[in-house]
Protein chains: 2
Amino acid sequence: MSKSSVSRVLANEGVGVAEAKRKRIQRAIKQLGYVRNELASSLRTDRTKLVMLLIPDITNPTWAETARGVQDAMDEEGYDVMFANSDWNERRELAFIAKAKQNRFDGILINPVQIDNDALLAAGIPAVILGLLKGYPQFDAVGSDNYASVNESLGHLTSLGHRRIGLIMGMRHRKSTPTRLTAYLDFMRESGNSLDDSLIVTVPFTQEGGGKGLKQLRELSDPPTAVFCDNDILAIGAFLAAREAGVQIPGELSIIGVDDIFAASITTPPLTSVSKPKYETGRQAARLLLERLRDHDLGLPRKVLLPCTLKIRGTTAEPPHR
Amino acid sequence: MSKSSVSRVLANEGVGVAEAKRKRIQRAIKQLGYVRNELASSLRTDRTKLVMLLIPDITNPTWAETARGVQDAMDEEGYDVMFANSDWNERRELAFIAKAKQNRFDGILINPVQIDNDALLAAGIPAVILGLLKGYPQFDAVGSDNYASVNESLGHLTSLGHRRIGLIMGMRHRKSTPTRLTAYLDFMRESGNSLDDSLIVTVPFTQEGGGKGLKQLRELSDPPTAVFCDNDILAIGAFLAAREAGVQIPGELSIIGVDDIFAASITTPPLTSVSKPKYETGRQAARLLLERLRDHDLGLPRKVLLPCTLKIRGTTAEPPHR
DNA sequence: TTGTAAGCGTTATCAT
DNA sequence: ATGATAACGCTTACAA
């Protein structure tokens with residue numbers, strides 16, 4: 001029998017092939033241990049049913065959860081997901097995008113480190129941006145509502161009675177102004193709180209950084225009664241440094257972090273933290289990409305904003321009475 | 001000019017092509033924005049310079065670190081690494097291995113969930129096993145020395161004066177007897193300590209599981225003065241449950257965990273834990289695979305055993321005096 | 001329903 | 001050094 005019949009059996013589960021012949025072919029496939037060469041198939045059809053998920057740091061548990069969401073959604077449509085890890089390295093990021101293109105991946109989900117809107121467009125591969133970064137107007141994007149989460153956090157602290165609220169920011173790989181900083185400034189301005197530059201410190205994205213940031217804030221003549229930290233690692237660093245210095249938490253100092261990592265739940269008391277919809281971000285991003293793949297010219301880029309949840313735990317309370 | 005010359009320029013950086021012609025070709029490539037179709041290239045050459053790293057749980061930080069080791073080593077040789085996540089799901093594991101084969105990945109690094117030696121052999125793709133699991137005699141493997149690490153940990157506790165040492169094991173996805181259990185039993189037998197089955201409890205691999213395990217041990221008529229836990233999550237669960245019950249740590253109870261995750265370092269006091277050579281495991285595994293790819297019949301499978309380090313921190317001390 | 005043949009974009013072989 | 005040509009393993013008109 002001919003190649004075409006075999007191909008038909010493999011492609012359409014046997015549409016347009018006589019039942020008897022189909023059986024015979026399938027038996028032969030089993031017996032010979034034949035596996036179809038997807039490379040050749042893809043070369044012919046120009047689609048691979050493969051998408052790339054390109055992230056800067058596989059070590060970050062946030063991305064791991066997102067990856068699972070992407071995978072689950074893609075799996076349902078028969079796509080496979082390959083993760084690639086750029087390690088905040090521009091060279092690697094470009095290399096992976098090139099690989100995706102050269103190996104004819106059908107699409108790519110990316111949390112970009114360096115590549116900009118135009119370069120990504122020039123790469124000529126359907127892409128969805130993970131995270132609502134500025135500067136990618138021509139792409140679908142999915143991210144969580146950092147701005148709103150800061151608002152909610154600062155609102156929580158304010159309603160507890162805090163007036164002087166510190167901000168410990170981590171140093172970014174990217175240039176653009178972080179949304180959380182913007183949100184903090186807006187909140188302070190609008191709420192008529194003391195907007196004091198010395199309440200904002202920037203430190204490395206590490207536990208030590210958090211500790212250093214807190215120490216700096218405590219040395220102020222009029223130190224804050226609460227601190228919002230850019231993520232949980234910083235918050236934990238601040239927490240431990242404060243306790244080391246004999247500061248009662250939350251009695252004398254309130255702390256809020258971001259990400260709701262595992263470690264945040266095991267401090268004593270457990271850390272109040274902003275929880276992001278990690279898994280759902282992955283699912284939604286996958287959905288957007290799948291729609292683009294199905295319908296090549298789908299019109300304007302869509303931006304999906306997913307809500308965060310403030311998990312109020314043990315590190316926030318009323319400020320001390322004077 | 002002909003396809004062949006272009007191909008030569010791309011393949012060998014221009015060996016066997018006149019300088020002038022090479023320049024002209026490269027200019028044309030730039031101008032036309034040509035990107036070589038790796039699919040077609042791979043179809044012809046039967047190699048992709050792609051390897052798959054297949055792990056059961058991308059959410060586990062241990063694997064994330066290992067992945068970085070793999071990637072760094074592979075990158076040096078011009079290979080790209082695609083991560084795949086089987087999610088402890090047998091179907092997915094098989095599907096990914098099939099994908100790797102069908103898309104002609106050059107090799108695969110795998111921490112197997114279900115697939116056994118023979119099935120993996122039948123898949124017909126060069127493979128290296130991550131972790132020294134029993135049952136893969138025909139494959140190269142890299143793992144850490146769990147047996148020795150248990151020995152060292154129990155030795156540490158014994159030298160502090162502990163005689164009754166509990167063991168909190170997590171429930172496995174795999175069937176085989178866990179090395180750490182074997183090591184515990186051997187140590188107890190050989191050291192002439194009390195070998196008491198009631199000192200061994202098995203619980204789900206969660207924080208709650210660790211807490212439950214500890215409670216169970218404390219209800220014994222002659223409870224242990226120290227507990228070795230199968231990993232840090234369990235250890236932290238046990239730690240918090242013990243403290244909740246008013247038990248002084250390490251004064252009244254010593255605790256050791258395994259993995260040295262971030263959270264282990266931030267308990268008060270910080271957790272004594274077995275640290276595994278995660279990154280190095282990845283590097284070594286990549287090395288073994290690269291050697292196999294270079295030299296197809298390399299002889300007998302090699303097993304690489306990497307040492308763990310016991311990080312003695314704050315949760316181990318002498319047992320209470322009677 | 002089935003088979004024939006062209007073609008996907010490369011690389012390898014062989015003349016020139 | 002260069003170019004023509006076959007082949008890699010598949011899919012898909014088109015013809016039978």
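In the predicted model, B:D259 is buried, with a relative accessibility of 12%. The side chain of B:D259 meets that of B:K276 in a salt bridge, with 3.5 Å from N to O. This pair connects distant parts of the chain, 17 residues apart: B:D259 belongs to the loop between β9 (254-258) and β10 (272-275) of chain B, and B:K276 to the loop between β10 and α11 (278-294) of chain B. B:K276 is partly exposed, at 21% relative accessible area.

A salt bridge is also formed by B:R172 and B:D230, at 2.2 Å from N to O. B:R172 is located in the loop between β6 (165-170) and α8 (179-191) of chain B and B:D230 in the loop between β8 (226-229) and α10 (232-244) of chain B, so parts 58 residues apart in sequence are tied together. B:D230 is buried, with a relative accessible area of 0%, whereas B:R172 is partly exposed at 35%.

In chain A, the closest N and O atoms of the salt bridge between A:E19 and A:K23 are 4.0 Å apart. Because these residues are four positions apart in helix α2 (residues 19-32) of chain A, about one helical turn separates A:E19 and A:K23. A network of salt bridges links A:E65, A:R68, A:D72, A:D75, B:D87, B:R91 and B:R92. Over all chains, the count comes to 48 salt bridges.

Chain A contains an open, mixed sheet of six strands, in the order β7-β6-β8-β9-β10-β12. Its edge strands are β7 (200-203) and β12 (309-311) of chain A. Strands β6 (residues 165-170) and β7 of chain A run parallel and are joined by four bridges, with A:I168 opposite A:V201. Helix α8 (residues 179-191) of chain A packs on the sheet, and its direction makes about 165° with that of β6(A).

Conventions
Residues are numbered from 1 along each chain as its sequence is written. Chains are lettered from A and ligands numbered from 1 in the order in which they are written. This is a predicted model: local features need pLDDT of at least 70, side-chain atom pairs count only at pLDDT 80 or more; totals for chains, interfaces and linings use all residues. Side-chain values use heavy atoms; hydrogens and water are left out. Two strands pair if DSSP finds at least two bridges between them. Helices (H or I, at least four residues) and strands (E, at least two) are DSSP runs, numbered from the N terminus. Contact means heavy atoms within 4.5 Å. Axes are lines fitted to C-alpha atoms, for helices over the stretch in contact, and angles run from 0 to 180 degrees between N-to-C directions. Buried means under 20% relative accessible area, exposed over 50%, partly exposed in between (1.4 Å probe, protein chains only).
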